[in-house]
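Please keep the structure in view while reading.

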Amino acid sequence: MSQIELINIKKNYMGTEVVKGIDVTINEGEFAVIVGPSGCGKSTLLRMIAGLEDISSGELKIGGKLMNNVSPDQREIAMVFQSYALYPHMTVAENIGFALALKKTDKAEINRRVLEAAKMLELEHLLERKPAALSGGQRQRVAIGRAIVKRPKVILFDEPLSNLDAKLRVQMRTELMRLHREFGSTIVYVTHDQVEAMTMAQKIIVLNNGHVAQMGKPMDLYRDPENTFVAQFIGVPKMNLLRGNLQADVFTLQSGQKLQLDCGYRDGSDLQLGVRPEHLKLELLQPGSGSENNSEHSWTVDVVERLGVESFIHLCNAARDVLVLRLEGDCDLQVDSKVAVRFDCSHCYLFNEAGVRLLPNTAALDLVG
């Protein structure tokens, strides 16, 4: 059994609480990703699971057994760090098999398991090389091989792809997902990159300032964020948030633009309307029509990012509201063009002044006027 249970886990550094009561269960064989900005406590949490940091209070259980005071080498855990930490004087084969050699495992068994790991990671032709003769991606695969050769119940990854270029990160994400399918260990993976989290995870745990902001399946977090932090952290580009007031089911933006809400929300001020870039549509306002001078409904194209398969359009208005739209393919919009924006009626969110999502009775939203 390799289920991991974190029960009210806290960590204090010199009187400052940096992990503030984490309650999480990671199921056996699950690929869980802990994601959040720098300083949110994700690496500290991972190191507490590994036994490299003491737990100030709370309980850590692996396979139902309390692990708070169990030494790292007795937890049946392997860890892959951001830095590869390979021994430069050893070959790939010696690096992979080093932990087994320390345990005085039979040499034939070491060779068999090293070769098995090398085949899984496509390193067979590199076994006699030393780290200096390897690329960054190859070194990272050696570090992973050194972890899996021990056949651990749990593998921990601490931002392992941060030092790789963009192409290698995509390749390594694919390899890690394949490795998880073949090997079946419980994986806990820490990253600040929400793209890695969305593409690899079966469960995402979003941390913010030492707390769990939300956890669940990737698309559940994308579709149903519980707060503005998760709404903007999950998704690229991030969710748009527009401030305004709600009265009698009419949401009024700072620009004066009005949106009709027929959802049973309570009236309120300083609320935030959330909408993702793909759920906005625009139409070009023709010069001379008079529409482009209506400050309540007119938006100005500020930046156009053309990425080939899609384009991101950055807009602003007279009230300094900012929107980002996603369009398929290329577009011929020019900077400073005037446009009108239409909101998708079924994909908008409302958050209160504390950033907590408000749940409506229905989900209809249309432009007024």
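Predicted model: local features only at pLDDT ≥ 70, side-chain atom pairs only at ≥ 80, totals over all residues.

Are α2 and α4 roughly parallel or roughly perpendicular to each other?

## Helix packing

Two packed helices are described by the angle between their axes and the distance between the axes. Helix α2, which covers residues 92-102, packs with α4 at an angle of about 30 degrees, and the axes of the two helices are 7 Å apart. Because angles under 35 degrees count as roughly parallel, α2 and α4 are roughly parallel to each other. Their crossing is right-handed, and the contact is made by Val92, Asn95 and Ile96 on the α2 side, together with Val142, Gly145 and Arg146 on the α4 side.

Helix α4 (residues 136-148) also packs with helix α5 (residues 166-183), here at an angle of about 20 degrees and with the axes 11 Å apart. The helices α4 and α5 are therefore roughly parallel to each other, and the crossing of α4 and α5 is right-handed. On the α4 side, the residues in contact are Gly137, Gln140, Arg141, Ile144 and Ile148, and these meet a set of α5 residues that includes Leu168, Gln171, Met172 and Glu175. Also among the α5 residues that take part in this contact are Leu176, Leu179 and Phe183.

A pair of aromatic rings is described by the distance of the centres and the angle of the planes. The structure holds five aromatic pairs. In one of them, the ring centres of Phe31 and Tyr189 are 6.1 Å apart and the ring planes stand at 40 degrees, so this pair is tilted. Phe31 and Tyr189 are both buried, and together with Phe157 they form one aromatic cluster.

How are the rings of Tyr349 and Phe351 arranged, stacked or tilted? Their centres lie 6.4 Å apart and their planes are at 25 degrees, so the pair is stacked.

## Backbone features

Most residues other than glycine have a negative phi, and most peptide bonds are trans. Against this background, the peptide bond from Val236 to Pro237 is cis, with omega near -5 degrees. Pro237 is found in the loop that runs between α8 (228-233) and β11 (240-247).

Asn8 is not a glycine, yet it has a positive phi of about 50 degrees. Asn8 is placed in strand β1, which covers residues 4-13, and, with a relative accessibility of 36%, it counts as partly exposed. Asp270, also a residue other than glycine, has a positive phi near 55 degrees. This residue, Asp270, lies in strand β14 (residues 268-275), and its relative accessible area of 38% makes Asp270 partly exposed.

How values were computed: Residues numbered from 1 in each chain as written. Heavy atoms only, no water. Phe/Tyr/Trp six-rings, centres within 6.5 Å; stacked < 30°, edge-to-face > 60°. Buried < 20%, exposed > 50% of the residue type's maximum accessible area, 1.4 Å probe, protein only. Axes fitted to C-alpha atoms, helices over the stretch in contact; angles between N-to-C directions. Helix = DSSP H or I, 4+ residues; strand = E, 2+ residues; numbered from the N terminus. Parallel < 35°, antiparallel > 145°, perpendicular 65-115°, else oblique. Left-handed = near helix turned anticlockwise from the far one by under 90°. Contact = heavy atoms within 4.5 Å.
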